[in-house]
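Trainee: I'd like to go through this model with you. Please start with the rings.

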Amino acid sequence: MPADRFDHVFVEPLSFDAALAFYRDTLSWGERFAWGGEGELRGICLASEGGATIVLAERHPATDHSKSHGINGTRPTLHLAVDDVDARHAQLAAVALFAPEATHWGTRWFVVRDPDGNLIAFEQR
(Lines give C-alpha, C1' and ligand atoms only; values in the text may rest on other atoms or scores of the structure.)
Protein backbone atom coordinates (compact mmCIF):
# COMPACT_ATOMS: atom_id res chain seq x y z
CA MET A 1 0.00 0.00 0.00
CA PRO A 2 1.41 3.47 -0.92
CA ALA A 3 2.55 5.75 1.90
CA ASP A 4 0.85 8.95 0.63
CA ARG A 5 0.77 11.59 3.38
CA PHE A 6 -1.22 14.81 3.55
CA ASP A 7 1.09 17.71 2.72
CA HIS A 8 -0.98 20.85 2.06
CA VAL A 9 -3.98 22.43 0.40
CA PHE A 10 -3.27 24.89 -2.41
CA VAL A 11 -5.54 27.93 -2.72
CA GLU A 12 -5.37 30.77 -5.20
CA PRO A 13 -7.50 33.36 -3.36
CA LEU A 14 -9.41 36.22 -4.93
CA SER A 15 -7.42 38.56 -2.66
CA PHE A 16 -3.97 37.32 -1.68
CA ASP A 17 -3.61 40.03 0.98
CA ALA A 18 -7.00 39.27 2.57
CA ALA A 19 -6.30 35.52 2.64
CA LEU A 20 -2.80 36.09 4.04
CA ALA A 21 -4.19 38.32 6.80
CA PHE A 22 -6.84 35.73 7.67
CA TYR A 23 -4.52 32.72 7.93
CA ARG A 24 -1.51 34.56 9.40
CA ASP A 25 -3.16 37.15 11.63
CA THR A 26 -6.62 35.78 12.45
CA LEU A 27 -5.73 32.07 12.69
CA SER A 28 -2.14 32.79 13.85
CA TRP A 29 -0.62 30.33 11.39
CA GLY A 30 3.14 30.72 10.95
CA GLU A 31 5.11 31.15 7.75
CA ARG A 32 7.10 28.14 6.56
CA PHE A 33 8.38 29.72 3.34
CA ALA A 34 7.39 32.35 0.80
CA TRP A 35 8.34 33.47 -2.68
CA GLY A 36 7.87 36.44 -4.98
CA GLY A 37 7.36 40.09 -4.16
CA GLU A 38 9.14 43.09 -5.67
CA GLY A 39 7.25 42.75 -8.94
CA GLU A 40 7.07 38.93 -8.85
CA LEU A 41 3.86 37.04 -8.10
CA ARG A 42 3.68 36.15 -4.42
CA GLY A 43 3.11 32.87 -2.67
CA ILE A 44 3.36 31.68 0.91
CA CYS A 45 3.12 28.44 2.84
CA LEU A 46 1.52 28.81 6.26
CA ALA A 47 1.04 26.15 8.94
CA SER A 48 -0.82 25.77 12.20
CA GLU A 49 0.90 24.49 15.31
CA GLY A 50 -1.07 21.26 14.83
CA GLY A 51 0.37 20.69 11.36
CA ALA A 52 -2.40 21.88 9.02
CA THR A 53 -0.72 23.52 6.02
CA ILE A 54 -1.97 25.82 3.28
CA VAL A 55 -0.21 27.36 0.30
CA LEU A 56 -1.64 30.66 -0.92
CA ALA A 57 -0.53 31.95 -4.31
CA GLU A 58 -1.42 34.91 -6.48
CA ARG A 59 -2.93 33.86 -9.78
CA HIS A 60 -0.16 33.54 -12.30
CA PRO A 61 -0.54 33.98 -16.03
CA ALA A 62 -0.83 30.68 -17.84
CA THR A 63 -2.80 29.43 -20.78
CA ASP A 64 -3.57 26.17 -18.98
CA HIS A 65 -4.37 26.03 -15.26
CA SER A 66 -5.69 22.44 -15.45
CA LYS A 67 -2.66 21.09 -13.57
CA SER A 68 -3.16 23.25 -10.52
CA HIS A 69 -6.75 24.48 -10.37
CA GLY A 70 -9.76 22.23 -9.92
CA ILE A 71 -13.20 22.61 -11.45
CA ASN A 72 -13.48 25.92 -13.29
CA GLY A 73 -10.18 26.96 -11.72
CA THR A 74 -11.74 27.55 -8.32
CA ARG A 75 -11.38 24.48 -6.13
CA PRO A 76 -8.39 23.94 -3.86
CA THR A 77 -5.91 21.22 -4.80
CA LEU A 78 -5.03 18.51 -2.26
CA HIS A 79 -1.27 17.91 -2.13
CA LEU A 80 0.07 14.59 -0.89
CA ALA A 81 3.73 14.04 -0.02
CA VAL A 82 5.35 10.92 -1.42
CA ASP A 83 8.81 9.43 -0.95
CA ASP A 84 9.26 8.49 -4.62
CA VAL A 85 7.22 10.53 -7.09
CA ASP A 86 8.38 8.46 -10.06
CA ALA A 87 7.32 5.17 -8.49
CA ARG A 88 3.93 6.61 -7.48
CA HIS A 89 3.46 8.00 -10.98
CA ALA A 90 4.19 4.55 -12.43
CA GLN A 91 1.31 3.20 -10.34
CA LEU A 92 -1.04 6.00 -11.45
CA ALA A 93 0.18 6.73 -14.99
CA ALA A 94 -3.18 5.79 -16.51
CA VAL A 95 -4.94 8.61 -14.63
CA ALA A 96 -2.11 11.14 -14.29
CA LEU A 97 -2.62 14.44 -16.11
CA PHE A 98 1.13 14.70 -16.85
CA ALA A 99 4.44 13.03 -16.05
CA PRO A 100 6.42 14.13 -12.97
CA GLU A 101 7.98 17.54 -13.48
CA ALA A 102 9.83 20.19 -11.49
CA THR A 103 7.84 22.97 -9.82
CA HIS A 104 8.91 26.57 -9.31
CA TRP A 105 8.65 26.03 -5.53
CA GLY A 106 11.36 23.37 -5.49
CA THR A 107 9.58 20.02 -5.65
CA ARG A 108 8.68 17.45 -8.32
CA TRP A 109 5.04 16.57 -8.84
CA PHE A 110 2.25 15.15 -10.97
CA VAL A 111 -1.51 15.56 -10.66
CA VAL A 112 -4.55 13.30 -11.00
CA ARG A 113 -8.21 14.32 -11.26
CA ASP A 114 -10.87 12.49 -9.28
CA PRO A 115 -14.28 11.65 -10.83
CA ASP A 116 -15.70 14.99 -9.62
CA GLY A 117 -12.88 17.02 -11.13
CA ASN A 118 -11.00 17.65 -7.87
CA LEU A 119 -7.23 17.69 -8.26
CA ILE A 120 -4.85 15.61 -6.17
CA ALA A 121 -1.14 16.42 -6.49
CA PHE A 122 1.52 13.89 -5.55
CA GLU A 123 4.67 15.77 -4.60
CA GLN A 124 8.24 14.94 -3.57
CA ARG A 125 10.48 17.48 -1.88
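**Rings, cores and strands**

Mentor: Phe98, Trp105 and Trp109 form one aromatic cluster. This is a predicted model, with local features needing pLDDT of at least 70, side-chain atom pairs pLDDT 80 or more, and totals for chains, interfaces and linings using all residues. Residues are numbered from 1 along each chain as its sequence is written, and side-chain values use heavy atoms, without hydrogens or water.

Trainee: What counts as a ring pair?

Mentor: Phe, Tyr and Trp rings (six-membered for Trp) with centres within 6.5 Å: stacked if the planes are under 30 degrees apart, edge-to-face if over 60, tilted otherwise.

Trainee: And how many pairs by this rule?

Mentor: Five aromatic pairs. One of them is Tyr23 with Trp29, a tilted pair at 5.4 Å between centres and 55° between planes.

Trainee: What about Phe110 and Phe122?

Mentor: Their ring centres are 5.2 Å apart and the planes meet at 10°, so that pair is stacked. Phe110 belongs to strand S7 and Phe122 to strand S8, so the pair links parts twelve residues apart in sequence. Both Phe110 and Phe122 are buried. Helices (H or I, at least four residues) and strands (E, at least two) are DSSP runs, numbered from the N terminus.

Trainee: Which residues have the most contacts inside the largest nonpolar core?

Mentor: Phe98, Trp109, Phe110, Val111, Val112 and Phe122, in a core of 13 residues. Helix H2 (85–92), S7 (108–113) and S8 (119–124) each put in at least two residues, and S7 gives the most, with four. A nonpolar core is a set of buried Ala, Val, Leu, Ile, Met, Phe, Trp, Tyr and Cys residues joined through side-chain atoms within 4.5 Å.

Trainee: What does Phe110 touch?

Mentor: Beyond four places in sequence, its contacts (heavy atoms within 4.5 Å) include Val85, Arg88, His89 and Leu92 on one stretch of sequence, and Ile120, Ala121 and Phe122 on another. A second, separate core has eight residues, among them Leu20, Ile44, Ile54 and Leu56.

Trainee: Ile54 and Leu56 sit in S4, then. Which way do they point?

Mentor: Ile54 and Leu56 point one way, and Thr53, Val55 and Ala57 the other. Five of the five residues of S4 (53–57) are buried, so this strand is largely enclosed by the rest of the structure.

Trainee: Which strands pair with S4?

Mentor: S1 pairs with S4 in the parallel sense over three bridges, with Val11 opposite Leu56. S3 (40–47) runs antiparallel to S4 over five bridges, and Cys45 stands opposite Val55 there. Pairing takes at least two DSSP bridges between the strands.

Trainee: What is in the hairpin of S3 and S4?

Mentor: Five residues lie between the strands, and Gly51 takes a positive phi near 105°.

Trainee: Back to S1. What about Asp7?

Mentor: Asp7 lies in S1, residues 5–11, and is buried at 15% relative accessible area. Outside four places in sequence, Asp7 is in contact with Thr53, His79, Leu80, Ala81, Glu123 and Arg125.

Trainee: Last one, Gly36. Where is it?

Mentor: Gly36 is in S2, residues 30–37, and is partly exposed at 47%. Gly36 touches Leu41 and Arg42, leaving out residues up to four places away in sequence. Its C-alpha is 9.5 Å from that of Glu58, 22 residues apart in sequence.

Definitions and conventions. Buried means under 20% relative accessible area, exposed over 50%, partly exposed in between (1.4 Å probe, protein chains only).
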